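These are my notebook entries on a single protein chain, written down in the order in which I looked things up.

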Amino acid sequence: MRRTMIREQRLMRLFRALSGENQEEAAHNLGVFRTLLTQIENGDVEPDPAFLEPMAESAGIEVTDGDLLLHLVDTMRRARQRWSAQSADPLDRTMAELRLQIEAACQRLLTLPLPESLPRPGDREGAEVLFRRLAAEPGEVRPAIVRAAEEYQSWAVCERACAASEEAASQDLDTAAAWVSLAREIANRVRGPEEFRSRLQGYVAAHAANLLRVSGELNEASIAFAEAELLWLAGADPYGVLDPGRLWELEASLRRAQRWPAQALDLLEKAWAVGHRREHVLVKKGFTLEVMGEYERAAETLREALPLAERAGDARLLYMAKGNLAVVYTHLGRYREAKGLLQGVRELAAERGDANEMPRVTWLEGRIAAGLGRRREALLLLEEARQEFERRKMTYDAALALLEEAVLLLEEGRAAEVKALAAELVRVFEANGVHREALAALRLFHEAAEGEKVTADLARRVLRFLFRAQHDQGARFEE
């Protein structure tokens, strides 16, 4: 049953309608939560009379003017009940019709729909606070919060949830999927022009497609990206708040995973030309070039990315830029330059708190030590990294660390130790379903070790192949 509106409630609705403010703006000016204003206007909470003066000021009138307008509406409503639509006097009918039109206009003011709030970059400031509140709540209650509180139905909160999904994707797919689902819930409720909502939904759909890519469902991801692009192109963003290069940037990662690095680079060039996240694009471009084995270009690109990542203040991105550059330097034999980055990489990994990253830092440190001729230190570090990789079931990383060890051991004539390590490595790879070509290369290495014909050169060639095959499962090992 509809509640009868009291004077203060009717005045607040009238003043907000006359001011042209939406609920978020009016609530901000009053210093209250938007949800409270919604409850007042719905008749669920009695308003504080102190709210009337500032709201009347926003509307450019006095509170008494509002009372007069309401009195006029009520007077005309009572008069209309007395007028006969069948009056013989044409003037009476004309006046009655005029009064009805005035009354209808006043009633429209009292029930004016919520004015649409145009998206603006400044929305991100408040969105970060709202996102942190959501992140502090259990995942299962977040959708209910979004549905109940309009302040969370913001494009900027939606954008932040998409970013959280991408950040979580490499560590926890379930968490990443929950953030994408929440972003979709928000996008479907965002108020604003329909063309902007369509573009926002395309933005969310691209992040959902990215999760399919991370989980290895590449064909499904390709279809999902096409659907995201349709939504994006069907919409518009005349306010320029969404990153126009974001879809290309995400799709580039898919093309790289599909072993189409040239297409990935083309997409990243497009994203660079129009995107808002140039530092991210450069880091992804550097990694793509690394995967292609173009280490000089990769190093140049990552060096260009470093100052941009530092200015952005993104610890995760800076870790990726410095870590990847250090690895590229080791591929180029520039171990002293890699060592110069090592401390920063270690500090950033510790700051991120990702337990899987610390063994990779140890592996990198061992690789650098080997390149600098500190063989004993390198063997200890590589063994430590390998054991941590095995404990965490990071099989591919364990293989890389072991082959680094094998090169050093074989150079010292310690083939018997390599024989035992090779047998264990093949067993672990077979148990974890590593792709065929990588397993074939490791079996060849194992057979050579078993026949006591393994050499440091073979270990290096298998190691180089595994680096390439890690991101190109179609690569073939040539004996």
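**Entry on Leu-267.** I looked up Leu-267 and found it in helix 14. This is a predicted model, and in it Leu-267 has a relative accessible area of 10%, so I noted the residue as buried, the limit being under 20%.

**Entry on Glu-269 and Lys-285.** Which residue forms a salt bridge with Glu-269? I found Lys-285, and the closest N and O atoms of this pair are 2.8 Å apart.

**Entry on a network.** I next followed salt bridges that share partners, and these join Arg-375, Glu-411, Glu-412, Arg-414, Glu-417 and Arg-460 into one network. For the whole structure, my search gave 35 salt bridges. As a reminder to myself, side chains of opposite charge can pair when their charged atoms come close.

**Entry on Arg-246 and Glu-249.** The side chains of Arg-246 and Glu-249 meet in a salt bridge, with 3.2 Å from N to O. Both residues sit in helix 13 (residues 246-257), and because they are three residues apart there, about one helical turn separates them.

**Entry on Arg-7 and Glu-8.** I also looked up the salt bridge between Glu-8 and Arg-7, in which the closest N and O atoms are 3.5 Å apart. Glu-8 is buried with a relative accessible area of 18%, while Arg-7, at 36%, counts as partly exposed.

**Entry on Arg-197.** I located Arg-197 in helix 11 (residues 194-214), and its relative accessibility of 18% makes it buried. The side chain of Arg-197 makes a polar contact with the side chain of Glu-194, at 3.2 Å.

**Entry on two positive phi angles.** Where in the chain is Arg-259, whose phi is near 65°? I found Arg-259 in the loop between helix 13 and helix 14, and I noted that its phi is positive although the residue is not a glycine. With 41% relative accessibility, Arg-259 counts as partly exposed. Lys-393 has a positive phi too, of about 60°, and is not a glycine either. I placed Lys-393 in the loop between helix 20 (375-391) and helix 21 (395-411), where its 66% relative accessibility makes it exposed.

**Entry on surface charge.** Finally I looked for like charges and found that Glu-53, Glu-57, Glu-62 and Asp-65 gather in a patch of negative charge on the surface. One of them, Glu-62, lies in the loop between helix 4 (52-59) and helix 5 (63-82). The relative accessible area of Glu-62 is 48%, so I recorded this residue as partly exposed.

How values were computed
Residues are numbered from 1 along each chain as its sequence is written. This is a predicted model: local features need pLDDT of at least 70, side-chain atom pairs count only at pLDDT 80 or more; totals for chains, interfaces and linings use all residues. Side-chain values use heavy atoms; hydrogens and water are left out. Patches are made of residues with over 30% relative accessible area and no salt bridge: like charges are joined within 9 Å, nonpolar side chains (Val, Leu, Ile, Met, Phe, Trp, Tyr) within 5 Å. Accessible areas come from the Shrake-Rupley method with a 1.4 Å probe; for residues, only the protein chains shown count as cover. A salt bridge is a side-chain nitrogen of Lys or Arg within 4 Å of a carboxyl oxygen of Asp or Glu. Lys and Arg count as positive and Asp and Glu as negative; His and the chain ends are not counted. The place of a charge is taken as NZ of Lys, CZ of Arg, CG of Asp or CD of Glu. Helices (H or I, at least four residues) and strands (E, at least two) are DSSP runs, numbered from the N terminus. Buried means under 20% relative accessible area, exposed over 50%, partly exposed in between (1.4 Å probe, protein chains only). A polar contact is a pair of N or O atoms within 3.5 Å; within protein, one must be able to donate a hydrogen and the other to accept it, and residues adjacent in sequence count only if both atoms are side-chain atoms.
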